[in-house]
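User: I have a structure open here and want to walk through it. Can you take my questions as they come?
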Amino acid sequence: MRFCSLGAVGEVTGSCHLVEAGGHRFLLDCGMHQGSREDEGRNRDAFGFDVNTIDAVVLSHAHIDHSGRLPLLVRRGFRGPVWTHPATEGLIGIMLEDAANLAAMDAERARRFGGPQATLGPLYDEGDVRRTLRLVRGVEYGTPRQLAPGVTLTLHDAGHILGSAIVEITEDTGQAAPRTLVFSGDLGMKDAPIVRSPEHPGRADRVILESTYGDRNHRSRANTELEFLEILEQAWESGGNVLIPAFAVGRTQEVLYAFARNFDRWNLGRWRIYLDSPMAIRVLEVYEKNVDLFDPEAAKAWREWPHPFRLPNLHLTTDVAQSQHINGIRSGAIIIAGSGMCNGGRIRHHLRHHLGRPQSHLVFVGYQARDTLGRRIVDGADSVRMFGESFPVRLQVHTVGGLSAHADQSGLVEWYARFPGHPAVSLVHGEHSAREALATVLRTRHGAPAELARLGEWQDV
Ligand SMILES: [Zn+2]
């Protein structure tokens, strides 16, 4: 068995790895590149393999940087199965339909403004999404499934978002000793809200490990909750609104859950809370259908607490008129909206109204990838461009790392260290400094043969 990485190499988007086992070829994830215009332009590139040679795809989770190019794969001829957890099956349709809508809007904009992109058309359309969804097959955690003769797939709970999976592939063709490759997918934090802690597959001959936060540790949950309380207090005193850019899947549900958990302590009853994201609102339903996958605290919460998705002052805004109405509110509102990295979605309309107001607060609760609008604001830009205009950044910016859905450095190291014999590990899905830092810790503390995966370079398992 061997594999090579075709995306998420030195960056946190575009997850895609090609595996050869038992004479067959499999793709782990088929994610979209996100970030600058050039990054996103790479989504149209050739895949780096002949699409017709791929026997099956294994999808670790629904996030678009892991799933977003699947309809393009299908458009270019892929007809095999897409194996993933059944909860991801529920989420993926919502994600990909949204991606197809965005692609249509991008194409329309390009057509109107001319230039080299004007004649390209959308990356894919709703028909491609429908054809993709017909190929999706559910696999429960811990239930081995034959991908091909002698090649077995087992998914384990990655504790990152609902349905997220660690992918284990074993090759046992009887000709040599069995070999096992483990791909972490996006690994969650231990004791993260709602989802369970990441499982461990037991053993591996080689590991592909994400490294988003390979160079830092998050604050503890208790400190994070204190930090959030302080931000809300400050925001109330300064008389502005609080904007929270959040991914529709995972972050949004966890923020609402944190609100329910701390409703009285954070004095949330005095705020008007808006979830301004039609996609995130659809995702709430999928979460509610899968309470059996929640950790024990969350399962209890759904029975006993104020319902996290139905807080008394929570307003779910689906149509544009309702969303525009929020723009008229100058204080006392908490607005949760996508996209999580501010590179699209309704959050940009709220930013337009609040970037210049020192009394407003912007709270980042998720990773901001390089070259996104969110990252530029986090890095302290004085002004940013949106809708063809320049806006001064005068509002107060906060980053709450402890709410992240990704394991921090100690979480990643601890998870890896449980593999007996400390197998070779290829680091992916992290910016260069994060991967370097994690590799150093793995080598010095555990003597691990850790290396930074290189684009298109084959590695034996
Ligand atoms: Zn993810």
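Analyst: Start with helix H14, residues 432–446. H14 lies across E11, E20 and E21. Its direction is at about 165 degrees to E21. Keep in mind that this is a predicted model.

User: Which sheet has E11, E20 and E21 in it, and what is the strand order?

Analyst: An open sheet of seven strands. The order is E7-E8-E9-E10-E11-E20-E21, and the pairing is mixed.

User: Which strands stand at the edges?

Analyst: Strand E7 (145–148) and strand E21 (450–452). Each has a single partner strand, so one side of each has no neighbour in the sheet. On average, neighbouring strands here are turned by 25 degrees against each other, direction ignored.

User: How many bridges join E20 to E21?

Analyst: Three, and the two strands run parallel. Strand E20 covers residues 424–428. Leu 427 has Leu 452 of E21 as its bridge partner.

User: Back to helices. What does H13 lie across?

Analyst: Four strands: E9 (165–171), E10 (179–183), E11 (206–210) and E20. Helix H13 itself is residues 409–417, and it runs at about 170 degrees to E11.

User: And what comes between H13 and E20?

Analyst: A loop that holds His 422. His 422 has a phi near 45 degrees, which is positive although the residue is not glycine.

User: How exposed is His 422?

Analyst: Partly exposed, at 25% relative accessibility.

User: Which other non-glycine residue has a positive phi?

Analyst: Ile 194 is one, with phi at about 70 degrees. Ile 194 sits in the loop between E10 and E11. Its relative accessible area is 0%, so it counts as buried.

User: New topic. How do H4 and H5 cross?

Analyst: At roughly 160 degrees, with the axes coming within 9 Å. H4 is residues 86–113 and H5 is residues 126–133. An angle over 145 degrees counts as roughly antiparallel, so that is the label for H4 and H5. Their crossing is right-handed.

User: Which residues make that contact?

Analyst: On H4, they are Ile 92, Gly 93, Leu 96, Glu 97, Ala 100 and Asn 101. On H5, they are Glu 126, Val 129, Thr 132 and Leu 133.

User: Where is the cis peptide bond?

Analyst: Between Gly 338 and Ser 339, with omega about 0 degrees. Ser 339 is in the loop between strand E15 (333–337) and helix H11 (347–354).

User: Now Ala 369. Buried or exposed?

Analyst: Buried, at 4% relative accessible area. Ala 369 lies in the loop between strand E16 (361–364) and helix H12 (373–378).

User: What is Ala 369 in contact with?

Analyst: Val 12, Met 341, Arg 375 and Glu 431, leaving aside neighbours within four places in sequence. As for Ala 21, its C-alpha is separated from that of Ala 369 by 33 Å. Those two residues are 348 apart along the chain.

User: Last one. Where does Gln 459 lie?

Analyst: In strand E22, residues 459–460. Gln 459 has a relative accessible area of 14%, so it counts as buried.

User: What does the side chain of Gln 459 have a polar contact with?

Analyst: The side chain of Glu 457, at 3.3 Å. Beyond four places in sequence, Gln 459 is in contact with Arg 2, Phe 3, Arg 206 and Glu 451.

Methods. Residues numbered from 1 in each chain as written. Predicted model: local features only at pLDDT ≥ 70, side-chain atom pairs only at ≥ 80, totals over all residues. Heavy atoms only, no water. Buried < 20%, exposed > 50% of the residue type's maximum accessible area, 1.4 Å probe, protein only. Polar contact = N/O pair within 3.5 Å; in protein donor to acceptor, adjacent residues only side chain to side chain. Contact = heavy atoms within 4.5 Å. Pairing = 2+ DSSP bridges. Axes fitted to C-alpha atoms, helices over the stretch in contact; angles between N-to-C directions. Parallel < 35°, antiparallel > 145°, perpendicular 65-115°, else oblique. Left-handed = near helix turned anticlockwise from the far one by under 90°.
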